[in-house]
Amino acid sequence: MNISDLKTHSHLFDDYTELRVQQNRNVGLTMINGDLVRNARSVQGGVSARVAKDGFWGFCSTPEADGAALERVVGRASTNAKVLAGRSSRAGLLLPSTQASGEYAWETAADRRSQKELIEFLEAIDAHIVETYPKLSSRLMALSNLDMQKTLLTSQGAEAHSMTPRSLIYIQMTMESGGEPVDLMESYGGLGQFEDRFDDPSALFPTLAKQYEHLVAKAEGVYADAGPKTCILDAELAGILAHEAIGHTTEADFVMGGSVAGQFMDKPVADPMVTLVDFAHTALGDTCPVPVHIDDEGTEALDCTIIDQGVLRKFMHNKESAGHFETAPTGNARAYQFSDEPLIRMRNTAIMPGQSKIEEMIASVEDGYYLMKPGNGQADTTSEFMFAVTLGYEIKNGKLGRGLRDTTISGVAFDMLKTVSMLSDEMKWTGAGMCGKKQPIPVGMGGPALKCTVNLGGK
Amino acid sequence: MKLDRDLADSTLEALKKAGADKAQCVLRVMDKSEFTVNAGKIDLLRTTENGSLTLTAITDDKKGSLNLNELDPESVARAVDEVIGLAQISQADEANDIAEGGESQSFEAGPTEPDLGAMYDRLENLLEYSKEHHPLAIYDQMVYDFSSIQSLFRNSNAVDLSERKGGYSFSAMFSSREGAKSASFNYTGYYSHDAKKELWKCGSLDRLLRENGQQVNTESLQGKFTGDVIFTPDCLEEFLGTVTSFLSDGPMITGNSIYKDSIGQSIAAPSLTLHSHPLSSELASGYHVTGDGTVAQNSTIIDKGQLTTHLLGLYGARKTGGQRAVNDGGCFVVEPGDTPLEQMIGNVERGVLLGRFSGGNPTDSGDFSGVAKNSFLIENGKVTQPLAETMLSGNIARMLETIRSISSERTHFGNAIIPWLHAQGLTISGA
């Protein structure tokens, strides 16, 4: 359904209303040791309405998207808000008025590849791995393509259409070491449909060689010493640090829910060299991994500079939190499925690069670690964080040493960022992140390498 | 929405007519009503309805599957053609199959409609109760929903199983604040077939709120030592989920599971008996039909320390030559031990009462490390101080082997019944 069709239903709006038609299309392939164990497609779509009335929210969704369904969801959402208003009294919500409009689609101009060709793509990679790396005990590949298409109309006059695709291939290599399996997973791809992210399978072979080289070092590697250590966190870890440890604590709903960041506005929370931004769609002249131009409340998405030269300056907002804090919404309200209500979500969160070279950063560490690849992560309302680290190396006397087995790092982000002493000059993004906060949502994370002190889990 | 049996039947026939050697349709309709509490206020009522049709086709041992929620005749007809196409382009694999048929059966559990008034009352009462009994508590988000799910499993082997489930699900994420001091957030949940019981009396919520209030004043641990850890029920349930993930299709097919050859062997201390009881009348979140379309049965996964089953699905069993599990896992019931919690704590010379574990996913070999959250130090048999920034590491397999005791008390979550567990030999380190 396009905007014009949706606008024919604007007469249904009596109160503040968002009407959204959405479809998520997924392709999923999984190959274990060369066997295709999953060959699937999925399409989930429908319409939802969210209504604000007398200080409460009502929401309703249905998989149908015809005129009758639209009328039904708006009516039921309004009734739901009235149900809450009937049980309690509350001041009306202060929802800033926004009227963004536009169409943003990242559909490929190339001929679409068939699912058969996608399978053949994985088979070609698998054949290369089998031939080139006979010491692997197992291999797993997963291809995941998501096309997220949204059309939004609000009672404030916002109109938006977007199609945001993401194409990823995950490759896990496993080898035996001392009778135990040791693995390393890498993700490839990001924003765009498959044809815009991948060309010939052989283009991945050089990075697969690097992945294998790291796996061998890890298999022959050592466990980290537990305790606080001087570390170089490579870009992917800086990105997850920006997202998990700082980003979540500065989402305005978390702040209203007790996040420690609420006490730190306009106070130093990091070394002055640290600037941290949640980018809407473009960073340093390039399109971000998850570009958001208009959010799911119809607000123009703007960059949100959370930490500016070490000082906490801004929270991420939807309309309700912006009204609460008497500021402007930042365009961070996003929903995953048609049946989900918009929540305050990050988009592309990154620490800005500095001026050091990664080589001189490593050379500056006498006894520490170079941590390169994160696994899962979690943060706290206190800004305490924990990330798994799946790839890293010792640093001894300024030189890289043995590989590391899996470990975790932890700390208090607002303390740890004050220990940052060097930032590399290279900004890298990862576009494979999926954040969980009631709903999943694709996010981008980025940053340079940074030198800091962090607590390691060991053995 | 209504479950349209004719749609499933006609789609199954269409798949067979289109060339599927074996075909399966799983039709679901779901209705949900959900209250959300944000920043301590009940501020959203959300109702959703959805349908789901999952088609599976196997031709010449090649399999494709497709899921859609547009259930009009034209969309379903297109989906039939598409899934046949997916099967035709797939790889031939003799392990691809569908469940064997039996007699047609229907199952029902829980109410069909929500009691919205009671749900609202429970939330409102909890907020009032918290103000009085847990004045430092801040609810970041609470979700209380009622879901009704109707499912119909049909396949070309004459499987004809239908299931209707209705139930209430509650989850709360909260922290505590006193002046400028904050506790780490914690969370818990509860499942039930009615909304009669006050929420603070459900599961572990009241205890966790009380402990969270104490955790605004934490102290860091100095140094590193090998010590004991008492897993609380919330934390243990998550660990058991990790343990059973080693028994599932993925690690068994890759051969990376540490328990791939352990059936009949001792993998834990004799005090541990772990059941998966999807049919238990004590668990509101149970199920009667597996994801493969077979009738679920209760099972014992670890019997007095001995591994009795993997958790292989139909494909994983055929691929590995193993035995298909009689259920999909979950619905954990751990047999109580004979050690009262107070005595268990008294047995710890130096260790951690682990409220929540924020850790990396364990490696294939079972190694894990992470941060002890919402946890307390135990010294000389007494709980002494809430801990800050304390890291734990160990190995799941060795941890299970060295269990010292299981508590006689258990917590009922409505989706699991879990005791406290005393483990030994974990590495504990401070900042």
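**Exercise 1. Find the strand that holds B:Gln105, then work out which residues B:Gln105 touches.**

Step 1: B:Gln105 belongs to strand E4 of chain B, residues 105–109; a strand here is a DSSP run (E) of at least two residues, numbered from the N terminus. A quick note before going on: this is a predicted model, where local features need pLDDT of at least 70 and side-chain atom pairs count only at pLDDT 80 or more. Residues are numbered from 1 along each chain as its sequence is written, and side-chain values use heavy atoms, leaving out hydrogens and water.

Step 2: Contact means heavy atoms within 4.5 Å. Skipping residues up to four places away in sequence, B:Gln105 touches B:Asp160, B:Leu161, B:Ser162 and B:Val295.

Step 3: Take B:Leu161: its C-alpha is 5.1 Å from that of B:Gln105, though the two are 56 residues apart in sequence.

**Exercise 2. Decide how exposed B:Gln105 is.**

Step 1: Buried means under 20% relative accessible area, exposed over 50%, and partly exposed in between (1.4 Å probe, protein chains only).

Step 2: B:Gln105 is partly exposed because its relative accessibility is 27%.

**Exercise 3. Describe how the rings of B:Tyr144 and B:Phe170 pair.**

Step 1: Rings of Phe, Tyr and Trp (its six-membered ring) pair if their centres lie within 6.5 Å; planes under 30 degrees apart are stacked, over 60 edge-to-face, and the rest tilted. That rule gives 21 aromatic pairs over all chains.

Step 2: For B:Tyr144 and B:Phe170, the centres are 5.8 Å apart and the planes make 90°, an edge-to-face pair.

Step 3: B:Tyr144 is in strand E5 and B:Phe170 in strand E6 of chain B, so the pair ties together parts 26 residues apart in sequence.

Step 4: Both B:Tyr144 and B:Phe170 are buried.

Conventions
Chains lettered and ligands numbered in written order. Helix = DSSP H or I, 4+ residues; strand = E, 2+ residues; numbered from the N terminus.
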